[in-house]
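Some notes on this entry follow, as numbered points. Please read them beside the coordinates.

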Amino acid sequence: MRHHGGVTVTARPATASDAPALASVAALTFPLACPPGTALADMARFVTTVLSEQRFDEYLADPTRHVLALQDDAAAPGTPLLGAPLLGYAMLVTGDPADADVAAVVEARPAVELSKLYVAPDAHGQGAARVLMEAALATATATGASSIWLGVNQQNARAQAFYAKHGFERAGTKQFTVGTETHDDFVLVRAL
Ligand SMILES: CC(C)(COP(=O)(O)OP(=O)(O)OC[C@H]1O[C@@H](n2cnc3c(N)ncnc32)[C@H](O)[C@@H]1OP(=O)(O)O)[C@@H](O)C(=O)NCCC(=O)NCCS
């Protein structure tokens, strides 16, 4: 547990019972990473097909994936509401990059992908994301990987500044599909 300004958070491995809360925070935060002008229908389609509770059930059961939950310690544990609310989440994927553009620029292997790192907007700028990133890096290191890579939208300047603070460097570009749209990402890499 760590205190940062107004928010006290803990990053921990997610468990099967977190799937509903993961889907909720994923739906809330996914649009924040999309470039301005992304069609609502495309973001909605991505949320319902890739970030649904059922998909999180699958991710949590997949041995190649590690999902981390960022908990707001102020939310009383054991609340009678369904599941504990989450302030954010991260997902790592082990294995060689499937995308040819990524495979060409991520040289240090084994590599792990930081596939998702999302924090609820109320908790931005307070160090909560740092707690999640540090847990993600520790988890990545524990998989035995030599490097960690990610894709970030080229217009997402805030996330790029955040990743630069954590030692990620630009290695290339790739494309990312959101519904009917194709977005341009930077590929960032960091040694572990
Ligand atoms: C990316 C994310 C996890 C970072 O967490 P955060 O709490 O916002 O990060 P921080 O505030 O520590 O760092 C962001 C930095 O960008 C700076 N920044 C803020 N707005 C910016 C902007 N429009 N352009 C450039 N830099 C910006 C901040 O000042 C800060 O730098 P500083 O610490 O030197 O002041 C969080 O913003 C988030 O969840 N965003 C929405 C989802 C997303 O984009 N996820 C990444 C998908 S690849």
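**Notes on the model**

1. Proline 110 is placed in the loop between helix 4 (100-105) and strand 5; helices (H or I, at least four residues) and strands (E, at least two) are DSSP runs, numbered from the N terminus. The peptide bond that joins arginine 109 to proline 110 is cis, with omega near 0°.

2. This is a predicted model, in which local features need pLDDT of at least 70 and side-chain atom pairs count only at pLDDT 80 or more, while totals for chains, interfaces and linings use all residues. Residues are numbered from 1 along each chain as its sequence is written, and side-chain values use heavy atoms, with hydrogens and water left out.

3. Helix 1 (residues 19-29) packs on helix 3 (residues 53-61) at an angle of about 120°, and their axes are 8 Å apart. Axes are lines fitted to C-alpha atoms, for helices over the stretch in contact, and angles run from 0 to 180 degrees between N-to-C directions. Helix 1 is therefore oblique to helix 3 (under 35 degrees is roughly parallel, over 145 roughly antiparallel, 65 to 115 roughly perpendicular, the rest oblique).

4. In that packing, Ala19, Pro20, Leu22, Ala23 and Ala26 of helix 1 meet Glu53, Phe56, Asp57 and Leu60 of helix 3, contact being heavy atoms within 4.5 Å. By class, the contact of helix 1 with helix 3 has seven nonpolar, no polar and two charged residues (Ala, Val, Leu, Ile, Met, Phe, Trp, Tyr, Cys and Pro are nonpolar; Asp, Glu, Lys and Arg charged; the others, Gly among them, polar).

5. Strand 5 gives the most to the lining of the largest pocket, with seven residues. On a 1 Å grid over the protein atoms alone, a pocket is an open set of points where a 1.4 Å probe fits, with protein on both sides within 12 Å along at least five of seven lines; lining residues have an atom within 4 Å of a point.
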